[in-house]
Amino acid sequence: GKIGVNICYGRHHPLNWMMFGLNGAEIVFNPSATVGALSEPMWAIEARNAAIANSYFVGAINRVGTEHFPNEFTSGNGAPAHKDFGHFYGSSYLAAPDCSRSPALSRTMDGLHISEIDLNLCRRLKDTWMLRSTARYSLYAESLNNYIQPDYEPQVISDPGLAKSPQ
């Protein structure tokens, strides 16, 4: 199959996932070294959403354990200096384009995930759901091009029914 690799923090950017799909990926691996509360609530959702929206499989891979460093460092979040990033919560899994996913691996122990996948499922779901044929790629391209301009102003449409009435 055609493989893509979305490195760690890239999983937070939907356009990364979209570009792998538009370039023909059938499975995208997302190796990560992710800790704690900041992103764990998103972990079970992001790769699964990418698999569904882009009609490919996603291997969501996160390391386990805690890495300790000899020197203290700060993380820019106001917390005191520390010698580790925190606990890497593992929980690796495989997400499929049909909305299914495998059970996650351990949060605390190394593991090996082996799955048999049917790459024909990618084509079948593209033909069934037709997500690409209903997308508005030229509008997205124009909107993104406008957004990167220094004089960009967002389009804001207000509901006149919500205007405050004089008292």
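Predicted model: local features only at pLDDT ≥ 70, side-chain atom pairs only at ≥ 80, totals over all residues.
**Exercise 1. Find where confidence is lowest and where it is highest in the protein.**

Solution. Start with the overall picture: the mean pLDDT is 91, and 98% of the residues reach 70 or more. Then go to the strands. Strand E6 (residues 82-84) holds the lowest confidence, with a mean of 88, while strand E8 (residues 93-95) holds the highest, at 97.

**Exercise 2. Work out the strand order of the open sheet of four strands, and say which strands stand at its edges.**

Solution. Step one is the order, which reads E1-E2-E3-E8, with mixed pairing. Step two is to look at the ends: E1 (3-5) and E8 each have a single partner strand, so one side of each lacks a neighbour in the sheet.

**Exercise 3. Trace the chain from E1 through E2 to E3, giving the pairing and the handedness of each crossover.**

Solution. Begin with E1 and E2, which run parallel and are joined by three bridges; Gly 4 sits opposite Val 28 of E2. Helix H1 (residues 14-22) lies across E1, E2 and E3, at about 145° to E2.

Now take the next pair. E2 (residues 27-32) and E3 (residues 57-62) are parallel, with six bridges. Among the partners, Phe 29 faces Gly 59 in E3, and Pro 31 has Ile 61 in E3. From E2 the chain reaches E3 through helix H2 (residues 36-54), and this β-α-β crossover is right-handed.

How values were computed
Residues numbered from 1 in each chain as written. Heavy atoms only, no water. pLDDT = per-residue confidence, 0-100. Helix = DSSP H or I, 4+ residues; strand = E, 2+ residues; numbered from the N terminus. Pairing = 2+ DSSP bridges. Contact = heavy atoms within 4.5 Å. Axes fitted to C-alpha atoms, helices over the stretch in contact; angles between N-to-C directions. Right-handed = clockwise from strand over helix to strand, strands pointing away.
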